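Here are a few exercises to work through with the model open next to you. Try each task before reading its solution.

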Amino acid sequence: MSPRVVDAAARRQAVAEAVFRVVVRDGVEQASLRNVALEASLAIGSIRHYFDSHDDMIIFAVEALIHSIDQRVVAHVQSLEDRTDLRRPAERVLSEILPLDDRRRDEAVLWLAFATAARTRPSLLPHAERLYDGVRALSGRALTVMAEAGTVAAGLDIALETERLASLLNGLTVDGVLHPDRMTPDLTVSLLRKHLDSLR
């Protein structure tokens, strides 16, 4: 890979991180090319060099967010394979998408902001759907591994329980973002743990 390509990739990632900071602080509507350029300490022409349009920049940022979360979660999912009692490891995997610390809270804020924006921005909808589907895929994978290991009740309806678990995770995420003083990290983990324990 040539230095020019490496520099372009790094610059695009830096712009995505600037988008993240603006969105977390001020919302998607404030993530204009001009504001992102200021946040990234770049000329607006430099932003336009790497992105064809405002939508192109925002979509790249959403995909960067998905990639970051996926990489972290996949590493944890692989750790489930060699366990016997999987409730606590599954809890740790599922907790990766909950707003339990500053990094994960920022990711949750971004997820919620992008999902809300997609309601009126058709170009964002497929990418927001990927975030939504990712929660269900993670829920289904965790439950399937637990069922194969015999750590949930025999005959559990995995498809239905996947929807129930994903809905719980989404609700905990929204509450943790909008009401962090009430849906604290400790309460969030306790509710997730109680749910997983109830599947035995």
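**Exercise 1.** In which kind of crossing, left-handed or right-handed, does helix 6 pass helix 7?

*Solution.* Before starting, note that this is a predicted model, where local features need pLDDT of at least 70, side-chain atom pairs count only at pLDDT 80 or more, and totals for chains, interfaces and linings use all residues. Residues are numbered from 1 along each chain as its sequence is written, and side-chain values use heavy atoms, with hydrogens and water left out.

Step 1: find helix 6 (102-118) and helix 7 (125-148); helices are DSSP runs of H or I with at least four residues, numbered from the N terminus.
Step 2: helix 6 and helix 7 pack at about 135°, and their axes are 9 Å apart. Axes here are lines fitted to C-alpha atoms over the stretch in contact, with angles from 0 to 180 degrees between N-to-C directions.
Step 3: the pair is therefore oblique, the class left over once angles under 35 degrees (roughly parallel), over 145 (roughly antiparallel) and 65 to 115 (roughly perpendicular) are taken out.
Step 4: the crossing is left-handed, so the near helix is turned anticlockwise from the far one by less than a right angle.

**Exercise 2.** Work out what lines the largest pocket.

*Solution.* Step 1: the lining has 23 residues, with Ile69, Asp70, Ile97, Gly134 and Val135 nearest the centre. A pocket is an open set of points on a 1 Å grid where a 1.4 Å probe fits, with protein on both sides within 12 Å along at least five of seven lines; lining residues have an atom within 4 Å of a point.
Step 2: helix 4 (54-78), helix 6, helix 7 and helix 8 (158-178) each give two or more residues.
Step 3: the lining splits into 13 nonpolar, three polar and seven charged residues; Asp, Glu, Lys and Arg count as charged, Ala, Val, Leu, Ile, Met, Phe, Trp, Tyr, Cys and Pro as nonpolar, and the others as polar.

**Exercise 3.** Now do likewise for the second largest pocket.

*Solution.* Step 1: its lining includes Phe20, Arg72 and Asp106.
Step 2: helix 6 gives the largest share, four residues.
Step 3: the lining has four nonpolar, one polar and five charged residues.

**Exercise 4.** Is Met146 buried or exposed?

*Solution.* Step 1: locate Met146 in helix 7.
Step 2: Met146 has 1% relative accessibility, so it is buried; the cut-offs are under 20% for buried and over 50% for exposed, with partly exposed in between (1.4 Å probe, protein chains only).
Step 3: for contrast, His49 in helix 3 (44-50) is exposed at 56%.
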